[in-house]
Amino acid sequence: MRRVFAVTALAGLLLAGAGCARNDDPFAVGFASPAPAATSPAPAPTATGDAGVCARAKQSGSATVQTYVAKLAEMLRAGATGDRSTEKAAQRDAETALAGWRDVLREQSGKATDPGLRTLLADLSTEVGKLGTDVRAIDETEFDRLQQRLDQLCPA
């Protein structure tokens, strides 16, 4: 049960649109306010002037966190029932989602013109690369600090 709370807390820390459980399933997660879609016509101006970079980083993060949390929940459910093949498949899917997000953050870091945003996205990329699927090993404090900085540099 402690892992369920850690997964839920992680979802809230990763994005400003915090997750909330639906129905009676403690593993169900939904997001109230996702980041702009990848096809948004004109990203809003930001403090850094990197509107496209901010929009892409946030959109990727929103999509990834939804997938990641869903796959972690699936992994935990399968582990609780002894379904090892489903557990391993969900773990691979969660890790693949994180790798994709890490790559987008690296790419956007290279495109950012603001040095602070460039550094922050590189730092986020490093943290995402460390996440993995062991919810006990997640450094929630560091991730929260980085997310707060991203929110400052890339306000909605």
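What you have open is a predicted model, in which local features need pLDDT of at least 70 and side-chain atom pairs count only at pLDDT 80 or more, while totals for chains, interfaces and linings use all residues. Residues are numbered from 1 along each chain as its sequence is written, and side-chain values use heavy atoms, with hydrogens and water left out.

**The whole chain**

Followed from the N terminus, the elements run α-β-β-α-α-α-α. Of the 156 residues in the protein, 41% are buried, where buried means under 20% relative accessible area, exposed means over 50% and partly exposed lies in between, with a 1.4 Å probe and protein chains only. If you consider contacts (heavy atoms within 4.5 Å) between residues at least 6 apart in sequence, 64% of them join residues at least 24 apart.

**The disulfide**

Next, select Cys54 and Cys154, which are joined by a disulfide with an S to S distance of 1.9 Å; a disulfide here is a pair of cysteine sulfur atoms within 2.5 Å. The pair links distant parts of the chain, since Cys54 belongs to helix α2 (residues 51-81) and Cys154 to the segment after α5 (140-153), 100 residues apart. The angle about the S-S bond is -60°, and the link is left-handed. Cys54 counts as buried because its relative accessibility is 4%, and Cys154 is likewise buried, at 1%.

**Helices α2 and α3**

Two packed helices are described by the angle between their axes and the distance between the axes. Here the axes of α2 and α3 come within 8 Å and cross at roughly 165°, the axes being lines fitted to C-alpha atoms, for helices over the stretch in contact, with angles from 0 to 180 degrees between N-to-C directions. The two helices are therefore roughly antiparallel to each other, a label given to angles over 145 degrees, while those under 35 count as roughly parallel, 65 to 115 as roughly perpendicular and the rest as oblique.

Now select Val104, found in helix α3 and buried at 9% relative accessibility. Leaving aside neighbours within four places in sequence, Val104 is in contact with Arg56 and Ser60.

Move on to Gln108, also placed in helix α3, which counts as buried at 4% relative accessibility. Not counting residues up to four places away in sequence, Gln108 touches Gly52, Val53, Arg56, Ala57 and Leu121.

**The nonpolar core**

For the last stop, select Tyr68, Trp101, Leu105, Leu117, Leu121, Leu124 and Leu150, which touch the most other members of the largest nonpolar core, a group of 27 residues. Such a core is a set of buried Ala, Val, Leu, Ile, Met, Phe, Trp, Tyr and Cys residues joined through side-chain atoms within 4.5 Å. Helices α2, α3 (84-111), α4 (115-131) and α5 each supply at least two residues of this core, and the largest share, eight residues, comes from α2.

How values were computed:
Helix = DSSP H or I, 4+ residues; strand = E, 2+ residues; numbered from the N terminus.
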